[in-house]
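I opened the notebook to record, step by step, what I looked up in this structure. My entries follow the order in which I asked.

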Amino acid sequence: MQFSDVEGDLSEVLLTQEEIHEKIAVMARQIETDYAGEKLLLVGVLRGAVMVMADLARELTLPLEMDWMAVSSYGAGTQSSGVVRILKDLDSDLQGRKVLIVEDIIDSGLTLSWLLGNLRSRGAESVEICTLLRKPDAAKVEVDVRYVGFDIPNAFVVGYGLDYAEKYRNLRGVAVLAPHVYA
Ligand code: XMP
Ligand code: MG
């Protein structure tokens with residue numbers, strides 16, 4: 001789906017498909033350098049990270065495995081509470097593995113900070129984070145993120161895996177959702 005297909009729902013285009021793909025290639029080269037000779041386990045966080053995972057995994061020239069987790073923050077509303085519930089756990093044993101968490105976006109950082117602690121407690125040799133987007137102005141906790149694609153303004157964004165009420169995930173780029181859509 002293109003921006004033009006949902007034009008009235010968007011207030012600003014942030015990133016085109018081309019810009020995202022270029023950035024993912026840059027991140028992949030960094031990851032290849034850092035993990036040369038290693039076998040990686042990419043852990044995607046469902047469902048938003050599906051597109052980043054698909055593009056990043058195909059761009060990487062390293063041997064790798066992919067696994068998936070689904071988590072949900074307790075509490076109502078759009079704000080993350082930091083209390084996280086596992087909806088779907090990994091199938092892999094993390095003992096001795098080099099793990100790279102693949103995320104779509106870091107907002108408050110609460111979800112990822114919890115996930116980092118959880119995965120590190122499972123005996124992995126290392127656990128690092130790769131996120132396509134980060135909202136620096138929304139950070140509530142410091143999370144040590146090794147690979148960041150783009151720092152973006154503190155606005156609700158959709159596309160490239162990110163949804164509003166499960167819509168817009170299939171948008172090729174990333175855009176700010178117009179307030180009238182959720183008002
Ligand atoms: P925290 O606040 O714990 O939350 O870092 C991260 C999760 O919140 C969702 N999220 C968004 N989803 N547009 C979205 O579609 C956004 O602008 C946005 N900000 C946060 C997302 O699921 C992410 O994993
Ligand atoms: Mg989401």
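Which residue in E9 is the bridge partner of Glu12? I found that Val176 takes that place in E9, where strands (E, at least two residues) and helices (H or I, at least four residues) are DSSP runs numbered from the N terminus.

Before going on, I noted that this is a predicted model, in which local features need pLDDT of at least 70 and side-chain atom pairs count only at pLDDT 80 or more, while totals for chains, interfaces and linings use all residues. I also noted that residues are numbered from 1 along each chain as its sequence is written, that chains are lettered from A and ligands numbered from 1 in the order in which they are written, and that side-chain values use heavy atoms, with hydrogens and water left out.

**Entry on the sheet.** I looked up the pairing of E1 and strand E9 (residues 174-177), and they pair in the antiparallel sense over four bridges; two strands pair if DSSP finds at least two bridges between them. Three strands form an open, antiparallel sheet in the order E1-E9-E8. Its edge strands are E1 (10-15) and E8 (157-158), each of which pairs on one side only.

**Entry on ligand 1.** I then listed the 15 residues around ligand 1 (a heavy atom within 4 Å), of which Ser108, Gly109, Thr111, Val157 and Asp163 come nearest. I checked polar contacts (pairs of N or O atoms within 3.5 Å), and an oxygen atom of ligand 1 is 2.5 Å from an N or O atom in the side chain of Ser108. A polar side-chain atom of Thr111 also lies 2.5 Å from an oxygen atom of ligand 1. Taken alone, ligand 1 exposes 510 Å², and the protein buries 82% of that, by the Shrake-Rupley method with a 1.4 Å probe.

**Entry on the rings.** I found three aromatic pairs, where ring centres lie within 6.5 Å and planes count as stacked under 30 degrees, edge-to-face over 60 and tilted otherwise. Why is the pair of Phe156 and Tyr182 called edge-to-face? The ring centres are 6.4 Å apart and the planes stand at 65 degrees, so the pair of Phe156 and Tyr182 is edge-to-face. Tyr164 and Tyr182 form a tilted pair, 6.0 Å centre to centre with 55 degrees between the planes. Last, I looked up Tyr182, which is partly exposed with a relative accessible area of 39% (buried is under 20%, exposed over 50%, partly exposed in between).

Key: Polar contact = N/O pair within 3.5 Å; in protein donor to acceptor, adjacent residues only side chain to side chain. Buried < 20%, exposed > 50% of the residue type's maximum accessible area, 1.4 Å probe, protein only.
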